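Dear colleague,

Please find below the structure that I am handing over to you. My notes on its charged side-chain pairs follow.

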Amino acid sequence: MKETVRSEVLRSVSGSSILAVYLVAVLMPVFVLFSDGSRFDLDGIDSAAATALLLEPLAWSAISAAFVGAYGVTRECYYGSMDRTLTGVGFPRAFSGKLVAGAVVAVALSVGIFVVWTVGVAVFLAQNALTLSLTGGAWRIYAGALVGVILGAFIGGAIGWITRNYYTTAAIVLVLPMVVEFALLRTAPELARFSPGLVLAALGVPGYQDRLLEFGPALCLALAWAVALVVAAWGIERRKAA
């Protein structure tokens, strides 16, 4: 199993197409940052509050992680090499190996983004006569976002196995949250808060603007989404193989 995961990790980060994955990995936090221009207005708030405000978009890295987690599956389906992989290592090892490898790659990319983002925040704060202040609240954003990244990668990987289509998966894990879930967050937050993308985001910013779930309910629901989709993906693939 360890060798399968290592092989899948290396496969996921090889080739020029990985550049698209890097780009997508920063897509959601950047989208959230610029979707609300008020984040750049730091007048009247202290360094700790300003730091937390600018770190909050990292919570949406979990949505990008779903695409990253699906990449190892959908890329092979796109290039038509999945059947050879299943023949070579068997479905159970390929299925679990790709899910775990997707989560490993998603975590590694996200940690790198967290570091770069934090440096950028420090520079921006300095330009506004403030300093980076990593309080307990800031570390909770990092920790919650990382939990979301792990669960998001499993959710994305499962969706990739279910659809076996690169573009369909991208639409589900990226376009749907960016278009539908964000729209619902503004118009019907009581419904939107239970959607997969916003449940994952709530892990990093619990109770965000009184619209998202608190951490405990969000974690339970995110686990439920992940388990349900992984089980569904396993069942669908086993029926195909039968």
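A salt bridge here is a side-chain nitrogen of Lys or Arg within 4 Å of a carboxyl oxygen of Asp or Glu. Please note that this is a predicted model. By that criterion, the structure holds three salt bridges. In general, side chains of opposite charge can pair when their charged atoms come close.

One of the pairs consists of Glu56 and Arg39, whose closest N and O atoms are 3.0 Å apart. This pair links distant parts of the chain, 17 residues apart: Arg39 is in the loop between α3 (27–35) and α4, and Glu56 is in the loop between α4 (47–55) and α5 (61–79). Both residues, Glu56 and Arg39, are buried.

Another salt bridge joins the side chains of Glu76 and Lys98, at 2.5 Å from N to O. Because Glu76 lies in helix α5 and Lys98 in helix α7 (residues 91–127), the pair ties together parts that are 22 residues apart in sequence. Glu76 has a relative accessible area of 4% and is therefore buried; Lys98, at 3% relative accessibility, likewise counts as buried.

A further salt bridge is formed by the side chains of Arg164 and Glu237, with an N to O distance of 2.8 Å. Here too, distant parts of the chain are linked: Arg164 is in the loop between α8 (136–163) and α9 (166–187), while Glu237 is in helix α12 (residues 215–241), 73 residues apart. Arg164 is partly exposed, with a relative accessible area of 24%, whereas Glu237 is buried, with a relative accessible area of 2%.

With kind regards

Conventions. Residues numbered from 1 in each chain as written. Predicted model: local features only at pLDDT ≥ 70, side-chain atom pairs only at ≥ 80, totals over all residues. Heavy atoms only, no water. Helix = DSSP H or I, 4+ residues; strand = E, 2+ residues; numbered from the N terminus. Buried < 20%, exposed > 50% of the residue type's maximum accessible area, 1.4 Å probe, protein only.
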